[in-house]
Every structure is written in structure tokens, then in C-alpha cells.
Amino acid sequence: MPELPEVETVRRGLEPVLAGKRFNKVEQRRPDLRFPLPERFVARLEGRKVERLERRAKYILAHLDSGEVLTMHLGMTGRFTITKPKGNSQQLGEFTYEHGADATHDHVVFTMSGGAIVTYNDARRFGYMTLMPEAELIEHPHFKGLGVEPLGNELNADYLARRASGKKTDLKAFLMDQRIVAGLGNIYVCEALWRAHLSPDRVAHALATRMGKATPAAERLVGAIRRVLEEAIAAGGSTLRDYKQADGSLGYFQHRFAVYGREGEPCLTPGCRGKVRRKTQAGRSTFACRVCQR
DNA sequence: AAGAACTCCTGTTGGC
DNA sequence: TGCCAACAGGAGTTCT
């Protein structure tokens, strides 16, 4: 489900109920998600304190006082629900959800020392969790080849140009590749390419000159990626704030997309007369305007 | 060996 | 209304 802005929003929502708190009780309701849950999962968590909660790419990382790190990936449909001691619930995910309404896909439940009950729900079970000593994290297959954080300084036009150099794949696949830029997904790749006026079909190495130097297209793309992610995070944050005083429903993803999900509708580029088209690339829907994205 | 296709799983949606 | 194919914010594995 979530891309970087959604994962970051979930992290921010979880932080106050996890960071500095202990796992008083951990319920594991099935042996696996996408992969088997870690060995002795419950025993290694119970009694441990979360020292801090970080995000890397689309992973949420809980650093524990045992020296281990709990990593959580939400896959396509993973979500966390926080139930506060008073009984009202807060959902960090896509859909409105009344806590307790349907526990069919509630797979892991954390009861924290602050009193919050944090439930991981994942219908498709494409999400996963791992638990390992902090030192092993950088060598772990999930993290080792991960590309740069798009909101950090490492993402710049020269980096993109260098990584794109010689790559014959198209820009859509290039940007979806977590080894290049970590955290983008189908929606934000479509949105960033639209903002940069670049066709998803353009060959990736067109971002670089023959000398491997960045092109104006690479510069535009970097700016577009940063801005769309920053705006989305800001929107997620404000939604969460509103929610705290709300009654139990959360319209979480209210961000307005320029192309994603807008097949057949007019392109929003000022002065452009094109329509948004949808096509399938690598089994995923790509939305783009053929007129202003070249 | 890069690049594309296939796969895991369940739920929702839209067309007939 | 029912049925069924298509599709869904991901990414590891297996192919060509």
C-alpha cells in the first residue's frame, strides 16, 4: 500500500506510542506474513524498550534496548491501528476502520507500557517484519542494496545521472527500482514524471550525457521527486492532526494527484490540451500525458 | 548480467 | 442481483 510519504506518516503516528515505551505484551497470531516472522519473536520483544523509531525507504525501524532492531514493511495493505487506553482508536493506513470490527487480518498486536495497543493488520500479507542485531542491518538483504533517500542530500542530479548511465530500461522502471531511489512507488513515480514533463517510456540513460553528466531532465526530475514527496508528507501530517480530535474515521490519503487514477481526464499542466492516459508497464498501471511528457 | 515477467495473497470494482 | 476478470500504494525470485 504505502510509499515513502505514507510510511513516514505512519512512523510519525506510531512514534508517540512506541518510542520510549516497552512491549508489555506481544501477540503473534500467525507464523508468517510474507516471510516467516522471526524466531522467538514474542520472547525477543516482550519487556524490551523502543529507544527510537526511524524510517529507511519504506521500512519502519524500531531500535530496541536489547541492541536489536525490529523492522516493519507494510507491503501493499499493511496498516497499524492504535487503540488508546480510553478506547478510541486511531488508524494509520488507508481505509476507515473501526477497531475490532474485523480482526480477520490482525496478525500482530503490541501492548505497550504507555497503554496503547498497536495492531498490525495486513489482508494480502505482502508486509513483513524482521528482528536482528543493529550491526547486521546494513548487511541484511533487505537493506544492503537500497538506494539513496529521496529527501536527503544524496539525491541530486549527478547521482541520478550516474546511476542512469548505460541503463536501457525506461524511466518508470528506473525510478521504481529501490536500489536507485529508495521509497518511491507507483503513484509518486507517475506524479514525479508528470511534474518533470518526462515520459515514463524514455530510456533511463537519457538522464545522463555521454560523459555521465546530469542533463536538465535529471535536474527537473530531482526537484519533482522532492517536491511531490514533501507535499504528500505535509498532507499526511495534517490529516493525522485532524484525526486526533475526530471520531474514528480517517480519510488518510486525501492528496490530489495530477495523473494517478485520472485516466481520460484533462492534463493539469497549464496550457496543455492533453488527456491523462493509462497503460500497463511491468504489470503496473502508468498514468501520463503524452502531450507534455516527452 | 541486465531487464522483464512471474509470483505471493485477499479484497474491491466495474462490466456484462 | 450474480459472476468474473481486472486491478490494487511491493518487491523477491525466476525467466530470457
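Helices (H or I, at least four residues) and strands (E, at least two) are DSSP runs that are numbered from the N terminus. The model is predicted, so that local features need pLDDT of at least 70 and side-chain atom pairs count only at pLDDT 80 or more, whereas totals for chains, interfaces and linings use all residues. Residues are numbered from 1 along each chain as its sequence is written, chains are lettered from A and ligands numbered from 1 in the order in which they are written, and side-chain values use heavy atoms, with hydrogens and water left out.

View 1. His 73 counts as buried because its relative accessibility is 13%, buried meaning under 20% relative accessible area, exposed over 50% and partly exposed in between (1.4 Å probe, protein chains only). A polar atom of the His 73 side chain lies 2.9 Å from the backbone nitrogen of Gly 75; a polar contact is a pair of N or O atoms within 3.5 Å, where, within protein, one must be able to donate a hydrogen and the other to accept it, and residues adjacent in sequence count only if both atoms are side-chain atoms. Leaving aside neighbours within four places in sequence, His 73 is in contact (heavy atoms within 4.5 Å) with Lys 58, Tyr 59, Tyr 120, Gly 127 and Tyr 128.

**View 2. Residues around DNA strand B.** Of the atoms of DNA strand B that come within 4 Å of the protein, 63% belong to sugar and phosphate. Phosphate oxygens of DNA strand B lie 2.8 Å from a polar side-chain atom of His 105 and 3.1 Å from an N or O atom in the side chain of Arg 125, while a polar side-chain atom of Arg 124 lies 2.8 Å from a base oxygen.

**View 3. Helix H4 (residues 157-164) and its ends.** The buried residues of H4 are Ala 157, Tyr 159, Leu 160, Ala 161 and Ala 164. At the start of the helix, a side-chain oxygen of Asn 156 reaches to within 3.2 Å of the backbone nitrogen of Asp 158, and just after H4, Gly 166 takes a positive phi of about 80°.

Methods:
A residue is near a molecule or strand if one of its heavy atoms lies within 4 Å of it.
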